[in-house]
Amino acid sequence: MSSLKTDPFDITTSVPLITGGGSGIGFGLLEQFLRLGCTKVLITGRREHILKQAAAKYPNKVHYLVSDAGSASDREALLRWVTENHPDCNALINNAGIQRRVPLVEETTEWTADRAAEIEINLSGPIHLCSLFIPFLLKAPQKQAMIANVSSGLAFTPFVGGPTYAATKAGLHSYTMALRWTLEDTGKLPTKSNLGGGHDFGEECEDVCKTVVEGVANSMLEVGYGMADKWRLVGDRDAVEANMHGVGEWVHVPKWS
Ligand SMILES: NC(=O)c1ccc[n+]([C@@H]2O[C@H](COP(=O)([O-])OP(=O)(O)OC[C@H]3O[C@@H](n4cnc5c(N)ncnc54)[C@H](OP(=O)(O)O)[C@@H]3O)[C@@H](O)[C@H]2O)c1
């Protein structure tokens with residue numbers, strides 16, 4: 001847990017918009033918001049049947065829009081949908097993300113669509129959505145509003161098994177810190193970042209999401225979990241290097257020879 005603190009965030013009156021909220025961590029966050037008394041959650045994703053399933057589990061509480069965080073026109077349409085249909089939305093949670101586990105030695109020489117998409121979905125998308133939603137969130141009817149960007153422990157330790165993924169998360173963390181500084185005097189928008197755990201590290205999704213949403217409710221400006229929470233606090237370059245080697249050996253990442 002971070003020592004960075006802000007005002008407690010009132011979950012009961014909040015109306016969060018969670019990108020990629022139909023499954024995985026996004027859906028876990030949705031359930032934790034509802035558990036803590038929130039009555040309305042907005043979610044997006046690319047597959048309608050997943051969103052439909054999530055909404056059916058919580059009738060009248062969960063509303064969805066099929067929307068690709070990797071498409072600029074979808075991001076603009078998302079702001080229009082929220083403004084027109086859900087003006088009470090007061091939190092943007094940039095959760096949608098993908099991970100290409102392709103070590104550099106196996107990487108193509110071509111700039112393929114999936115290579116570009118990883119950067120667009122994980123980094124450009126959240127940055128654009130922040131720009132789009134800040135003016136809207138500053139006018140939220142509640143006293144508070146929030147932007148939370150889901151990064152990763154791999155923002156703090158380069159991931160040799162998926163170097164571009166880790167780079168997008170490091171970029172998102174850096175951007176989020178600047179965003180937090182920029183918004184800190186508005187009295188409206190404490191910015192949260194850094195949910196973590198790591199794909200194969202065995203953290204239970206529900207435990208991670210519970211820690212994160214409770215952290216948000218309890219004034220935490222940055223919330224980490226498990227290994228991500230340890231890595232987040234490492235400032236020693238040698239230790240970061242050692243962590244990187246450790247993960248590379250653990251998942252047997254090949255090298256050029
Ligand atoms: N799992 C971990 O250990 C871990 C650790 C650290 C950080 N994270 C981060 O946590 C976030 C969620 O990951 P997860 O583990 O829950 O992954 P996941 O199980 O693959 O779920 C991702 C969700 O995001 C949606 N999504 C993916 N691309 C999207 C796009 N372009 N536009 C809109 N929605 C999109 C997916 O739905 P559709 O495919 O239908 O769009 C899905 O609902 C990501 O940002 C990830 O980097 C995860």
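## Ligand surroundings

In this predicted model, a polar side-chain atom of Arg47 lies 2.7 Å from an oxygen atom of the ligand, within the limit for a polar contact (a pair of N or O atoms within 3.5 Å; within protein, one must be able to donate a hydrogen and the other to accept it, and residues adjacent in sequence count only if both atoms are side-chain atoms). Taken alone the ligand exposes 880 Å², of which the protein buries 86%, the accessible areas coming from the Shrake-Rupley method with a 1.4 Å probe, where for residues only the protein chains shown count as cover. For Ser23, a polar side-chain atom is placed 2.7 Å from an oxygen atom of the ligand, and an N or O atom in the side chain of Lys169 is 2.9 Å from a ligand oxygen.

The shell around the ligand holds 25 residues, the closest being Ile25, Arg47, Asp68, Asn95 and Tyr165; a residue is near a molecule or strand if one of its heavy atoms lies within 4 Å of it. The shell divides into 8 nonpolar, 13 polar and 4 charged residues, with Ala, Val, Leu, Ile, Met, Phe, Trp, Tyr, Cys and Pro counted as nonpolar, Asp, Glu, Lys and Arg as charged, and the others, Gly among them, as polar. Helix H1 (24-35) and helix H5 (163-183) each contribute at least two residues to this shell, helices (H or I, at least four residues) and strands (E, at least two) being DSSP runs numbered from the N terminus.

## Asn122 in helix H4

Asn122 belongs to helix H4 (residues 113-138) and is buried, with a relative accessible area of 0% (buried means under 20%, exposed over 50%, partly exposed in between; 1.4 Å probe, protein chains only). The side chain of Asn122 forms a polar contact of 3.3 Å with the side chain of Thr168. Leaving aside residues up to four places away in sequence, Asn122 touches Ala96, Gly97, Ile98, Ala117, Tyr165, Thr168, Lys169 and Leu172, a contact being heavy atoms within 4.5 Å.

## Positive phi angles

Ser219, in the loop between helix H6 (205-217) and helix H7 (226-232), has a positive phi near 80° although this residue is not a glycine, and at 9% relative accessibility Ser219 counts as buried. His252, in the segment after helix H8 (237-250), likewise has a positive phi, of about 55°, but is exposed, with a relative accessible area of 68%.

## Confidence and conventions

The protein averages a pLDDT of 89, and 91% of the residues score at least 70, pLDDT being the predictor's confidence in each residue, from 0 to 100. Over residues 190-201 pLDDT stays under 50, and for this stretch the model has 58 contacts beyond four places in sequence.

Residues are numbered from 1 along each chain as its sequence is written, and side-chain values use heavy atoms, with hydrogens and water left out. As the model is predicted, local features need pLDDT of at least 70 and side-chain atom pairs count only at pLDDT 80 or more, whereas totals for chains, interfaces and linings use all residues.
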